[in-house]
Amino acid sequence: MDEFISEPITVDYDEERMAPASLRWRGQTYAVAEVLSAWQDWHAPSYADHARSWIHRRHRNYYVVRTTQGPIFEIYLDRAAGKRDWVLLKRKG
């Protein structure tokens with residue numbers, strides 16, 4: 001069962017691989033062993049269905065990563081309106 005977390009994290013991003021290399025959450029660093037899946041979300045949130053402008057859309061890059069320590073996390077980079085915030089959305093399992 002997935003555990004919903006939705007907390008800010010710090011991510012070291014590997015520009016060469018174009019993928020997260022490690023993440024820091026609650027004082028612990030997790031090295032990324034493998035990116036299991038990745039996708040982008042540019043959809044408007046359900047509360048903004050009436051607003052189809054690009055400014056109201058989500059601009060997120062999602063990753064499901066397996067760490068060398070074992071846990072699998074779903075994380076995303078929120079790129080909306082000049083933001084560059086990483087969020088740990090779920091611990092998979």
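Buried means under 20% relative accessible area, exposed means over 50%, and partly exposed lies in between (1.4 Å probe, protein chains only). The model is predicted: local features need pLDDT of at least 70, side-chain atom pairs count only at pLDDT 80 or more, and totals for chains, interfaces and linings use all residues. Residues are numbered from 1 along each chain as its sequence is written, and side-chain values use heavy atoms, with hydrogens and water left out.

**Exercise 1.** Determine how many helices and strands the chain has.

*Solution.* Step two is the count, which gives zero helices and six strands. Read from the N terminus, the order of elements is β-β-β-β-β-β.

**Exercise 2.** Describe how S4 is joined to S3 and to S5.

*Solution.* Two strands pair if DSSP finds at least two bridges between them. S3 and S4 run antiparallel and are joined by eight bridges; here Val 32 stands opposite Thr 67 in S4. On S5, seven bridges connect to S4, again in an antiparallel arrangement, and Tyr 63 has Ile 75 in S5 as its bridge partner. S4 and S5 form a hairpin with four residues between them, and Gly 70 in the turn has a positive phi of about 120 degrees. As for burial, seven of the eight residues of S4 are buried.

**Exercise 3.** Classify the ring pairs Tyr 30 with Phe 73 and Trp 39 with Tyr 62.

*Solution.* A pair of aromatic rings is described by the distance of the centres and the angle of the planes. Rings of Phe, Tyr and Trp (its six-membered ring) pair if their centres lie within 6.5 Å; planes under 30 degrees apart count as stacked, over 60 as edge-to-face and the rest as tilted. The structure holds six such aromatic pairs.

- Tyr 30 and Phe 73 are 5.1 Å apart, centre to centre, with 75 degrees between the planes, and form an edge-to-face pair. Tyr 30 belongs to strand S3 (residues 28-41) and Phe 73 to strand S5 (residues 72-78), so their pair ties together parts 43 residues apart in sequence. Both Tyr 30 and Phe 73 are buried.
- Trp 39 and Tyr 62 have ring centres 5.2 Å apart and planes at 0 degrees, so this pair is stacked. Because Trp 39 lies in strand S3 and Tyr 62 in strand S4 (residues 60-67), the pair ties together parts 23 residues apart in sequence. Trp 39 has 36% relative accessibility and therefore counts as partly exposed, whereas Tyr 62, at 8%, is buried.

Conventions
Helices (H or I, at least four residues) and strands (E, at least two) are DSSP runs, numbered from the N terminus.
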